[in-house]
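Please have the sequence and the model at hand.

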Amino acid sequence: MKRMKLGIVFVLVVLALFSGCKNTSNQKPNITGAMGEVLVVMDDKWRNGPEGIALQSVLKQPMEGLPQIEPIFTVSITPHRAFSGAMRTFRNLLITNIGPDVEKEGVRFFSESSWAKGQAMIHINAKTPEQFLELVDKEELRILGFMLKAERQRSLRYYTKFVAGDLTDRVNDKWDIKMIIPNIFTVKSDKDNFSWMSHETPSLSQGMLIYSFDYVGEGTFSREYLLNKRDSVLRHNVPGPSDGSYMSTEHEVPVTYKSFKNNGHEVVELRGLWKVVGDLMGGPFVMHAHLDKASNRVVVTDGYVFLPEEPKKRNYIWQLESLFYSLSFPEEQADAGQ
C-alpha cells in the first residue's frame, strides 16, 4: 500500500510538472510601445540611404484630416545586432533584410508572432537595394493598411473590456444597430433622430454623434450630399459655447473621401476639420456613413476631438474610429450566425 501511494504521488507530480511546462510555453508577454509606434529593424548600412529614407517617408507621411502635421506612425529604427530582449515585444515591427543571402524576396505580413500577444509584424526581404525600393513603393498601401488595422483592432479589444452596458443597449435599441460604446462616454443630447455622447476631461473632449436619413440613390453617398447633410444636422443639434454659435465643417481645407466595406455593408469615410461658427473652436473629425440596405437608410457615426492645448490628436481620432468599425446591422448579425 505504501509503495502504491508513493507511485500515485509520483505520477501526480510528473503530470503537474508537464502541465506547468505546457502552460508556461503557451504564455506570451504583452506588447510594448505606445499606440502608433513602429519599430523598424534595419542595419546602419541602409538606414540613412535611399532605402531607409523611402521606408520612413511611407511610415511617417502626414496623417490626413488633422489641424497640425502629425505622422501616420511614430518610427524608431534599430540595427539587427541590437534587436533583442524587450525590443522583440514591440507592438508594430517592420523587419528588413537586404542582401544576396535572402532566399525568398517579397513582403510578408504576420498578425500573430511568437514574441508577444497582439503583435503586428512585417518582413521586407530583398536581394538588392533596387528590389527593396520597388517593394516599398509597390506595397505602400498594404503596409500602412496592415499596421492601421492592427492598431484599430487593439483599441477595439480594449474597449470591449469596458463597455457601458446600459448606454450601449440604449443606443443599439434606438438605432437598430450593434455597436460598442465604452463606459467613458456619457450622454450629452438624445433626440428622436440624433444622439450625442462624449468623453470629457479637463483638457480633452472626444465626441460621438449618431444620426440617420433615407437612402435615395447613389447620390446619397456623394461627398457633397454627405457634407451638406452633416452641416445641417450639426447646425440644429450641436450648439457652441456662445449664443448663436454651432458646429460645422471647415470647408477651407480638403475633406478626404474613402469608400469600403465593413461588416458586410458599404461605408463612406469623410475625414477633415470641424469648426464652431460664431466662436473660436475647432479640431479634427472622422465620419462614417453606413448603408443599411434592408431599411433603405444611412446611419452616420461622426466623431470629433477637441484638444486645444496639445498638437497631438492622431490617437484620439483613431480611438473613435475604431468604435465605428464595430457597427453592424441586424441582418448582418443574423448572416454571421448562420
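## Second pocket

The second largest pocket holds about 400 Å³ of space. Of its 14 lining residues, Arg91, Arg154, Ser155, Arg157 and Tyr158 are the closest to the centre. Helix 5 gives the largest share of this lining, six residues. By class, the lining has four nonpolar, four polar and six charged residues.

Some terms first. The search runs on a 1 Å grid over the protein atoms alone: a cavity is a set of points where a 1.4 Å probe fits but cannot get out, a pocket is an open set with protein on both sides within 12 Å along at least five of seven lines, and lining residues have an atom within 4 Å of a point. Grid points are joined across faces, edges and corners, and a volume is the space filled by probe spheres set on the points. Helices (H or I, at least four residues) and strands (E, at least two) are DSSP runs, numbered from the N terminus. Nonpolar covers Ala, Val, Leu, Ile, Met, Phe, Trp, Tyr, Cys and Pro; charged covers Asp, Glu, Lys and Arg; the others, Gly among them, are polar.

## Basis of the model

The model is predicted: local features need pLDDT of at least 70, side-chain atom pairs count only at pLDDT 80 or more, and totals for chains, interfaces and linings use all residues. Residues are numbered from 1 along each chain as its sequence is written, and side-chain values use heavy atoms, with hydrogens and water left out.

## Largest pocket

The largest pocket contains about 640 Å³ of space. It is lined by 22 residues, and Leu148, Lys258, Glu269, Arg271 and Glu321 are the closest to its centre.

Which element gives the largest share of the lining of the largest pocket? Helix 5 does, with eight residues. The lining divides into ten nonpolar, three polar and nine charged residues.

## Cavity

How many cavities of 30 Å³ or more does the rule count? The count is one. About 60 Å³ of space lies in the largest cavity. Its lining is Leu167, Arg170, Val171, Val187, Ser189, Asp190, Ser195, Trp196 and Met197.

Helix 6 (165–175), strand 6 (186–191) and strand 7 (194–200) each supply at least two of the lining residues. By class, the cavity lining has five nonpolar, two polar and two charged residues.

## Helix 7

Helix 7 has 15 residues, 223–237. At 1.5 Å a residue it should span 21 Å, and its end C-alpha atoms are 21 Å apart, which agrees. The expected span is 1.5 Å times one less than the number of residues.

Leu226, Leu227, Arg230, Asp231, Val233, Leu234 and Asn237 are the buried residues of helix 7. Seen down the helix axis, they fall within an arc of 170°, so they line one face of helix 7. The arc is that of the directions from the helix axis to the C-beta atoms. On the other side of helix 7, Asn228, Arg235 and His236 are exposed. Buried means under 20% relative accessible area, exposed over 50%, and partly exposed in between (1.4 Å probe, protein chains only).

## Two loop asparagines

Asn263 is not a glycine, yet it has a positive phi of about 55°. It sits in the loop between strand 10 and strand 11. Asn263 is partly exposed, with a relative accessible area of 37%.

Asn296 also has a positive phi of about 55° without being a glycine. Its loop runs between strand 12 (282–292) and strand 13 (297–306). Asn296 is partly exposed, at 41% relative accessible area.

## Aromatic pairs

The whole structure has ten aromatic pairs. Rings of Phe, Tyr and Trp (its six-membered ring) pair if their centres lie within 6.5 Å; planes under 30 degrees apart count as stacked, over 60 as edge-to-face and the rest as tilted. Phe73 and Trp318 form a tilted pair, 6.0 Å centre to centre with 50° between the planes. Phe73 is in the loop between helix 3 (50–59) and strand 2 (74–78), Trp318 is in helix 8, and they are 245 residues apart. Phe73 is buried at 0% relative accessible area, and Trp318 is buried at 8%.

The rings of Phe83 and Trp115 have centres 5.6 Å apart and planes at 75°, so this pair is edge-to-face. Phe83 is buried at 8% relative accessibility, whereas Trp115 is partly exposed at 26%. Ring pairs also link Tyr158, Tyr159 and Phe162 into a cluster.
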